[in-house]
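Please read these points with the model open beside you.

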Amino acid sequence: MFFAVTCAKSPSMKSRDVAFVLFPKFSMIALYGALEPLRVANRFAGQAFNWRFVSLDGEPVAASNDIPISVNASLSGIGTPDLAMFCASYEHETGLTAPVVATVRKLGRRRTTLGGMDTGPFILAHAGVLDGYRATCHWESFPGFRERYPAVQTTKALYEIDRDRLTCAGGASSIDMMLDWIGRLHGQALAVQVADQLLHFRLVENSAEARVPRETRYQTNDPRLLSVLRRMEENIEEPVSSSKLAEDAGLSQRHMERLFRQELSTTARSLYLQLRLDRAERLLTYGGVSVRDASIACGFSSLAQFSRMFKLRFGRPPSAIRKIRRPPATSSAPPEDR
C-alpha cells in the first residue's frame with residue numbers, strides 16, 4: 001500500500017544527465033519504462049534529471065516495433081553523462097564492435113554510471129566493464145550471456161544495481177530498476193510517489209526472478225506437475241529420466257504422463273526435448289558456443305541426433321543459427337583503469 005508523500009522541489013538539486021544509447025530493434029517498452037519514472041520524478045523534485053537519445057551514427061533508430069526515435073547525437077559525441085543506458089534487444093550484435101567497446105571503456109574510466117537493458121548488458125560485458133559486478137539480462141538470452149561472460153556475476157533477477165552498474169531483464173523491469181535508482185539518489189519517498197503516479201505497484205527492494213512464474217507459463221496449478229517441470233528446467237545438461245522425474249514428484253510414471261496429456265496436451269518426453277532444444281538455440285544465438293558445445297550443454301550425447309532434432313524443431317540446422325548470430329571480432333584487451 002502506498003501513501004501520498006509530498007517531495008519538495010529543490011532548485012539546488014543536482015540535475016543528472018542520462019543518455020539512452022539506442023541500438024537497432026531496441027525494446028520500446030524497456031526504454032519508456034526507464035524514461036517515464038525520470039519524467040515523473042521531475043514533476044515532484046524539480047529538474048532532477050534530463051535525458052537525451054544517442055545512436056551509433058546520429059541517425060534515428062527504429063525500435064523492434066519499427067517506430068523510429070530521433071536522437072540528439074552520435075555515440076562519438078555522447079560526452080560524459082551521469083548515466084549511459086545501453087538499450088538493445090534483438091540486434092545487440094551491432095554494439096559488439098571496436099568503436100562501441102572503446103566508447104564504453106572510456107565512459108567507465110570517466111566514472112560514468114553504466115547501464116544495460118534487455119540485451120544491452122551484452123554490450124557492457126563485451127567491453128569488460130561488468131567483470132566482477134552482479135548483472136542480469138533477458139531470460140531468453142541468459143544462458144548465452146552466462147556462457148560467454150564468465151567473469152560477470154550473472155543473476156536471474158528482474159534487475160541489478162551493483163555500485164555504478166545498472167542492468168535489467170528488459171520489458172517492464174526497467175520501471176523497477178529506475179524507481180530503485182531514483183530512491184537511492186533522492187530518497188524512498190520520491191520513488192514511492194513516482195510509482196504511485198505510474199500506477200506501478202511492484203515497487204521492490206530486492207528484485208525477483210525475471211520470468212513469469214511456471215504456473216502462468218504452463219497454465220497449470222498442479223504442484224506435482226510443476227515440480228516435474230522445475231526439475232526439467234533445472235536439469236538440461238544432464239537430463240533426468242522419466243521414471244526418476246515421476247518418483248521425485250511422488251507419482252507413478254503412468255500418472256505423470258496422464259497429467260502431461262491432460263494439462264499440457266503433450267508428453268513429458270516431448271516437452272523435455274523441447275526445453276533442451278530451446279536452450280540450445282539460445283546458446284547458439286547469444287552464447288557464441290560451437291554446435292558441439294551446445295549439444296553437450298543440452299544433454300545430447302550424439303551430435304548427429306542433436307542436429308536432426310534441432311532441424312525438426314527450428315527448420316534449419318544449428319550451424320545456420322551460429323553463422324547468423326556470430327558477433328564481429330573486437331579487441332579482447334582489458335579496459336584501462338576502469
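1. Start with Met117, which stands opposite Cys168 in strand β11. Strands β7 and β11 (residues 165-168) pair in the parallel sense over 4 bridges. Two strands count as paired if DSSP finds at least two bridges between them. Helices (H or I, at least four residues) and strands (E, at least two) are DSSP runs, numbered from the N terminus.

2. A word on the source. This is a predicted model, in which local features need pLDDT of at least 70, side-chain atom pairs count only at pLDDT 80 or more, and totals for chains, interfaces and linings use all residues. Residues are numbered from 1 along each chain as its sequence is written, and side-chain values use heavy atoms, with hydrogens and water left out.

3. How enclosed is strand β7 (residues 113-118)? Of its 6 residues, 6 are buried, so β7 is largely enclosed by the rest of the structure. Buried means under 20% relative accessible area, exposed over 50%, and partly exposed in between (1.4 Å probe, protein chains only).

4. Look next at strand β6 (residues 83-88), which runs parallel to β7 and is joined to it by 6 bridges. Here Phe86 stands opposite Gly116 of β7. Between these strands the chain passes through helix α2 (residues 98-109), and this β-α-β crossover is right-handed. Right-handed means that, with the strands pointing away from the viewer, the path from the first strand over the helix to the second runs clockwise.

5. Thr103 lies in helix α2. Its relative accessibility is 14%, so Thr103 counts as buried. Neighbours within four places in sequence aside, Thr103 is in contact with Leu75 and Ile78. Contact means heavy atoms within 4.5 Å.

6. Now the whole sheet. It is open, with 7 strands in the order β5-β2-β1-β6-β7-β11-β10 and mixed pairing. Strands β5 (73-74) and β10 (159-162) stand at the edges with a single partner strand each, so one side of each has no neighbour in the sheet.

7. Strands β1 (residues 16-22) and β2 (residues 49-55) pair in the parallel sense over 7 bridges. Val21 has Val54 of β2 as its bridge partner. Helix α1 (residues 28-45) packs on the sheet and touches β1, β2, β6 and β7. The direction of α1 makes about 155 degrees with that of β2. Axes are lines fitted to C-alpha atoms, for helices over the stretch in contact, and angles run from 0 to 180 degrees between N-to-C directions.

8. Which residues of helix α8 are buried? They are Leu225, Leu226, Val228, Leu229, Met232 and Glu233. Seen down the axis of α8, they fall within an arc of 160 degrees, so they line one face of the helix. The arc is that of the directions from the helix axis to the C-beta atoms. The face turned away from the buried side of α8 carries the exposed residues Pro223 and Glu234.

9. Helix α13 (residues 303-314) has buried residues too. They are Phe306, Met309 and Phe310. Down the axis of α13, these fall within an arc of 105 degrees, so they line one face of the helix. Exposed Ala304 and Leu312 sit on the face of α13 turned away from its buried side.

10. Last, Ile296 in helix α12 (residues 291-297). At a relative accessible area of 47%, Ile296 is partly exposed. Ile296 and Ala280 are 16 residues apart in sequence and 9.2 Å apart in space, C-alpha to C-alpha.
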